[in-house]
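Q: I have a structure open on my screen and would like to learn how to read it. Could we go through a few features together?

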Amino acid sequence: MNPAPRPRVWQGVFACVAIASLIVAAMLWWRPPVEARGEYLAFGTRVSVQLRAPDRESATRALAAMGPLLIHDHRAWHPWEPSDVTRLNAALAEGRPHRVERDIASLIHAATIGDTRSDGLFNPAAGRLIAAWGFHTSQYPVRTAAPTERQVAALRAAMPRMRDVRVDAQGIVTSRRREVQLDFNGLAEGYAAAQMRQLLRAEGVDDALLYVGGFVLAMGRDGRRPWTAGVRGPGGVLGAIDLRDGEALSSSGDYQRRRTGTRQNGGHIVDTRSGRPERASAAASVIATDPVLADMAATALMVAGPTGFDAMVRRMRLNCALLVTHEGEVLITPALRERLRLHDGTAAGAFRLHPGAGEGGCDATGGLPPIPIELPPAPAGSG
């Protein structure tokens with residue numbers, strides 16, 4: 001008869017069985033992430049979502065949630081086609097109070113923050129001036145006649161600000177100035193991206209790259225690598241940057257939506273100080289962890305131009321920002337220059353370092369809390 005196995009042998013057997021059980025359990029528990037993509041159209045631009053979900057069902061639900069959200073935002077926020085915003089503007093022009101949904105009230109709050117922090121260089125209350133230059137259109141280049149000198153002077157003299165708009169706890173909007181005409185195009189992409197991120201997280205998706213026109217928002221990672229996006233200039237891509245979890249890249253420029261055929265030939269961003277399309281800047285980009293702030297800041301930098309770049313970076317507490325002039329010079333903060341990988345053909349000698357708002361990287365906020373967002377109300381009967 002064989003002798004009984006020694007205790008150490010049995011311990012080895014139990015250890016092997018335990019390890020094998022753990023391996024089987026891990027194989028049953030772990031599933032490779034599901035990669036999926038979605039394409040949409042909103043705000044007159046392409047919206048895309050690239051995600052890595054824990055399973056196919058989560059990916060399907062997440063992508064399905066994007067469509068209704070973007071349809072709502074496009075129809076509710078449109079500055080000239082019939083929308084919740086145009087109905088609000090009509091009421092304000094008549095001096096009437098008007099009730100809005102929570103997402104519109106939140107947009108007004110965000111726009112007021114942008115106006116204040118930029119000292120009025122980002123001013124969504126100036127919709128009348130934007131319309132006067134023909135930029136309430138989807139057809140570019142704009143070929144309508146420019147406003148006259150007298151019209152521009154009158155619009156400048158009566159220029160409203162977001163501080164002229166009030167929203168109470170019930171969503172009732174009022175204004176002491178009938179000249180207010182709200183146009184949220186300057187923050188719509190960043191705000192919509194923040195909403196999309198919130199929906200994705202609700203479906204258990206933590207890794208995604210969101211493109212909303214010229215706006216990019218990163219969630220998590222692309223597998224073992226960070227998400228990568230291009231930083232654009234008027235002549236094409238300046239370089240690439242790896243975006244970290246939560247970082248937003250907002251780019252603005254005068255190279256796509258422009259006026260033409262008149263002596264006033266400028267991009268769609270209007271400087272409310274002069275009453276004219278800004279001329280000093282060709283492109284601007286901002287990276288920040290607050291998507292709404294990043295979107296508004298890129299517009300404010302365009303208006304500020306090279307002479308106002310440093311002051312605007314400080315005011316809006318930006319650590320990662322750049323501005324491209326029409327002469328090809330690139331003003332850039334050190335934190336962004338350190339991370340930007342130049343594209344082939346991009347001349348490094350054109351870059352000029354300018355200080356950021358403070359210490360830290362692109363995630364530095366200067367102590368400012370993120371701008372809150374709201375999802376649209378749920379459709380009737382959905383609960």
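**Reading the backbone, the sheet and a helix end**

A: Gladly! Let us start with R317, which is partly exposed at 36% relative accessibility. Please keep in mind that this is a predicted model.

Q: Where does R317 sit, between which elements?

A: R317 lies in the loop between helix 8 (291-315) and strand 14 (320-325).

Q: What is the phi of R317?

A: First the general idea: most residues other than glycine have a negative phi. In this case, R317 is a residue other than glycine, yet its phi is positive, near 55 degrees.

Q: And F43, what about its phi and its place in the chain?

A: F43 is not a glycine, and its phi is positive at about 55 degrees. This residue is in the loop between strand 1 (34-42) and strand 2 (45-53).

Q: Is F43 buried or exposed?

A: A residue counts as buried when its relative accessible area is under 20%. F43 has a value of 17%, so it is buried.

Q: Let me step back to the whole protein. How many helices and strands are there?

A: The protein has 9 helices and 17 strands. Of its 383 residues, 48% count as buried. The protein exposes about 18,900 Å², and carbon and sulfur atoms supply 54% of that area.

Q: What share of the contacts join residues at least 24 apart?

A: Taking contacts between residues at least 6 apart in sequence, 63% join residues at least 24 apart.

Q: How many bridges join strand 9 to strand 16?

A: Strand 9 (residues 236-243) and strand 16 run antiparallel and are joined by 2 bridges. To find one of them on your screen, look for A240, whose bridge partner in strand 16 is R341.

Q: How accessible is A132?

A: A132 counts as partly exposed, at 28% relative accessibility.

Methods. Residues are numbered from 1 along each chain as its sequence is written. This is a predicted model: local features need pLDDT of at least 70, side-chain atom pairs count only at pLDDT 80 or more; totals for chains, interfaces and linings use all residues. Side-chain values use heavy atoms; hydrogens and water are left out. Helices (H or I, at least four residues) and strands (E, at least two) are DSSP runs, numbered from the N terminus. Buried means under 20% relative accessible area, exposed over 50%, partly exposed in between (1.4 Å probe, protein chains only). Contact means heavy atoms within 4.5 Å. Accessible areas come from the Shrake-Rupley method with a 1.4 Å probe; for residues, only the protein chains shown count as cover. Two strands pair if DSSP finds at least two bridges between them.
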